[in-house]
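Subject: Structure handover

Hello,

The structure is below, for your files. My notes on it follow.

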Amino acid sequence: MQPGGELETLMVRYQEGDFTAATALIQRLSPRMHRFFAVEFTSRASADDLLQETWLRIHEVRHTYRPGEPVLPWLYAIARHIRVDHYRKTGRTTARELSLDETAEMPGPQAAQAAALTMEELLAPLPPSQREVVEMLKIAGMSLEEVARATSSSIGAVKQKAFRAYEKLRERLGKVGGQS
Amino acid sequence: MRDGEIDDILKKAAESHPGPDPALLERIAGSLQPGMRPVRPLPSARTLELLLYLAALAISVIVAARLGMHGFAAMSGPQILILAAIPILIARATVLTIAAMTPGSKPREAPVTLFAIACASLVALFAILFRDPPSGHFVPQGIACLMAGVATAIPAGLLAWWLLHRGFVVNLGAAALAAGTLAGLAGVAMLELHCPNFQTWHVIVWHTAVIPVSAALAFLVAKLVQIRRSHAHSR
């Protein structure tokens, strides 16, 4: 069975009231969601809080998942909503977008360290909309259509964001490599 | 640097991310257990779209029948085209409204695009099909039509709102715009059946205005709901 199909089966069992299926989903999906919140540079405690809040909301609205549909776009759409809601409530965002000019002035890590950059450091130069696309597309392994569903945008817009994000990453990593 | 190399660096960085504490996951699972009961998934999108579509059309026809189908009776052959165009736009608005109630639904055009297409296509069709010269009373007759159109849009909008509440709206503004456009189109459909005033500027200005007024009302209600929710959360 495909991993996606397995998630869908677990989701259906969760809707049927199966607690073991709910626990399995929490175990499998939480690391992805935690990473999704972490790339926005919230503190670990915030990522933990948002993860908890997301599961509570998923539990409330689990009836809105339609069997046969992919689980990940549904889940990420809810996680995005929680994140936006969190920023709105706190009235500020800890996410900081570093422009390329700023990063150019920063002392870059050595080439040997390039591969050892944390995810947060790597994605720091990107605007939030590109950061989330890279996270979903390249790290969570979602398809273009799944990312478009999760972000309520078109496949073309997702492609464009991913392309621009990679241009910036290439520039940043190229600078890192060039300093070796 | 090639895309594949960037992919590898990203994957490596992601693997090094410390995941959530297992104790936290146990706490989350524990907090869900008391509320664990079977739930019925939402009906299929097609079913909901059909229901909303038929309900919106029914509201328009019922209100027009009560007020009198004077517009329909006075229409010439080509003018009937407007009664074919509006249901097509209503069908598209129902698809977007139903999509807004389900997180992660298929990518479609933004509600603002549909809103713009609906207004522009109605203005174009009115300008082509309705050519009566002006005969005075532009504002009083126009306001009467606008009020009747918006009054018809309100029940259609409330129905759409009720349906949206059955689901989970992740973008309240977009959902409100889709529902408001749908409601406005129901109001315009009623006016085309009822209003026998075929003066070009009357239909272009006052009939089309039902859509932006309904969309603005829906957007306003959505913003108020959002403010109320954030106040409730912050308490």
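How close do the axes of helix H7 (residues 138-166) of chain B and helix H8 (residues 172-194) of chain B come, and at what angle do they cross? In this predicted model, the two axes come within 7 Å and cross at roughly 140°. Axes here are lines fitted to C-alpha atoms, for helices over the stretch in contact, with angles from 0 to 180 degrees between N-to-C directions. H7(B) and H8(B) are therefore oblique to each other; angles under 35 degrees count as roughly parallel, over 145 as roughly antiparallel, 65 to 115 as roughly perpendicular and the rest as oblique. The crossing is right-handed (the near helix is turned clockwise from the far one by less than a right angle).

Among the residues that make this contact are Ala148(B), Gly149(B), Ala153(B) and Trp161(B) of H7(B), and Ala179(B), Gly180(B), Ala183(B) and Leu191(B) of H8(B). Contact means C-beta atoms, placed from the backbone, within 7 Å. By class there are 16 nonpolar, six polar and no charged residues (nonpolar: Ala, Val, Leu, Ile, Met, Phe, Trp, Tyr, Cys and Pro; charged: Asp, Glu, Lys and Arg; polar: the others, Gly among them).

Chain B as a whole has ten helices and zero strands (DSSP runs, H or I of at least four residues for helices and E of at least two for strands, numbered from the N terminus). The C-alpha trace of chain B spans about 75 × 50 × 35 Å along its principal axes.

Between the chains, 56 residues of chain A are in contact with 42 residues of chain B. H2(A) gives the most to the chain A side, with ten residues. That side divides into 28 nonpolar, 17 polar and eleven charged residues.

On confidence, chain A averages a pLDDT of 81, and 79% of its residues score at least 70 (pLDDT is the predictor's confidence in each residue, from 0 to 100). Helix H5 (residues 100-105) of chain A is lowest, at a mean of 43, and helix H9 (residues 144-151) of chain A is highest, at 94. Over residues 93-112 of chain A the pLDDT is below 50, and this stretch has 31 contacts in the model beyond near neighbours in sequence. Where pLDDT is low, the predicted coordinates should not be read in detail.

Conventions: residues are numbered from 1 along each chain as its sequence is written, and chains are lettered from A and ligands numbered from 1 in the order in which they are written. Local features need pLDDT of at least 70 and side-chain atom pairs count only at pLDDT 80 or more, while totals for chains, interfaces and linings use all residues.

Regards

Technical notes
Contact = placed C-beta atoms within 7 Å.
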